[in-house]
Amino acid sequence: MIRTAFNSVHAHVTLYPRLSIFITVLLFIQLLVLFISRVPPVSLPIRPSTQTPAAPSECGSGRVYVYELPTMFNKDLVGSCDDLDPWHWQCGVASNGGYGRSASEYAGTVPESLLPAWFRTNQFSSEIIYHNRMLNYKCRTLEAESATAFYIPFYAGLAVGEYLFSNHTAEERDWHCEMLLKWVQEQPYWKRSNGSDHFIVLGRITWDFRRLTDPEKLWGSSFLNMPLMQNVTRLTIERAPGDYYDVGVPYPIGFHPRSVNDVSQWQSFVRTRDRTSLYSFVGASRGDSKNDFRGFLLSHCRNESDTCRVVDCAVTQCSNGSSAILEAQLASEFCLQPRGDSFTRRSVFDCMVAGSVPVFFWKRTAYDQYEWFLPVEPESYSVFIDYSDVLNGTSIRRVLEGYSKEEVRRMREKVIDFIPRVVYAKPTDGLESIRDAFDIAVDGVLRRFKER
């Protein structure tokens, strides 16, 4: 039978050569399509869920439904930065699910057993970190009708980031945001609540999404000014004062504990450090800024070199962390935390994880930002010196020397106790018995929605 079929095919090829070529090409195309459909997709930073759903008793505040957005709103925005250019704003965002590459340069600075828990994490990577964690969140539900909250995994910070440092129109900077809202407003559970039980994570400060006055202003998008966003809760690394829907969450930093033991081991390490400097400052001057306070602090610390350690970020690459930064903060009793380009800065959390007591000069740098994550009493873990008093002659050194060893020890102990609350754990399902920054943020959102 096979020989008969073969002879028949051979006869057709001989009599109709053009037709046989056409059929051959058609079969080849079909085989190619079948092969491509079986090839696994390109590896992307989002990891599939491996979490076993929690028991109802563990999710007293409710469960979260995660929208499956078209990839143009998240995965396609990640880009391909491979950390070869450490000055590029997106490096550390794209690799390793938002954690960045391993910080091997910390060898000798941190205990060897904890080196695998340290990474060169970009401060703008929270959108990817939260998305990965949310897919494995113990109180995630796949049934939308049982959800208390709806998470929109849109990478708005990455969407606007590529336009921040180049000349683009307002329409270009708003395009992804407008398309996202067109998509989400067609979802039945959005229509039910007009977005009031929805939340999103913004990987940049709130001001990058509030083009308030001039529509042609060459910075940011107008995402948070769009009418459909007015009822949506936003977890952002810097919130707008007085905006109920903005919730400040900790900047991602380099320490991502793998276990409860990592946390306790690190706490013991920073608790017993020999701190040889009274205080430190990490930052760069802004010569083009009027009344450049950071430049003032750099000069001040250089003049007080016997008590103050300086890491000048105009010389040292600081954007994704540095062993020089960690070494300075581990060796200092206090760390100076002026405002950055905006009121908040990642260095606050670098400082606290190093067990150094932060010194603030503006209340909006921390006190009015991270209420869910930091101690209620500011004086229990930090020092406040108004920047105007410093400019008028108040000595930072004398203020800090005025604290007794016991007072400093108590403040440091409070800082160390709160380390788990300001870091993002490495396991995508979190740590067993410790709530990290992700857990606190999502639990807070669920409580807020349930109470409302």
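Rings of Phe, Tyr and Trp were taken to pair if their centres lie within 6.5 Å, the six-membered ring being used for Trp. In this predicted model, the structure holds 29 aromatic pairs.

One of these pairs joins Tyr 137 and Phe 438. The ring centres of Tyr 137 and Phe 438 are 5.7 Å apart. Their planes meet at 80°, so the pair is edge-to-face, the cut-off for that class being over 60 degrees. Tyr 137 counts as buried, at 5% relative accessibility. Phe 438 also counts as buried, at 1%.

A second pair is formed by Tyr 251 and Phe 349. Here the ring centres are 6.3 Å apart. The planes are at 35°, so the pair is tilted. This pair, too, links distant parts of the chain, its members being 98 residues apart. Tyr 251 is in the loop between strand 6 (246-248) and helix 7 (260-271), and Phe 349 is in helix 10 (residues 347-353). Both residues, Tyr 251 and Phe 349, are buried.

Aromatic residues also group beyond pairs. One aromatic cluster is made up of Tyr 65, Tyr 67, Phe 150, Trp 183 and Tyr 189.

Charged side chains meet rings as well. Arg 364 lies over the face of Phe 343, 3.8 Å from the ring centre. The charged end of Lys 363 sits over the ring of Phe 384, at 5.6 Å from its centre.

Terms used. Residues numbered from 1 in each chain as written. Predicted model: local features only at pLDDT ≥ 70, side-chain atom pairs only at ≥ 80, totals over all residues. Heavy atoms only, no water. Phe/Tyr/Trp six-rings, centres within 6.5 Å; stacked < 30°, edge-to-face > 60°. Buried < 20%, exposed > 50% of the residue type's maximum accessible area, 1.4 Å probe, protein only. Helix = DSSP H or I, 4+ residues; strand = E, 2+ residues; numbered from the N terminus. Lys NZ or Arg CZ within 6 Å of the ring centre and 35° of its normal.
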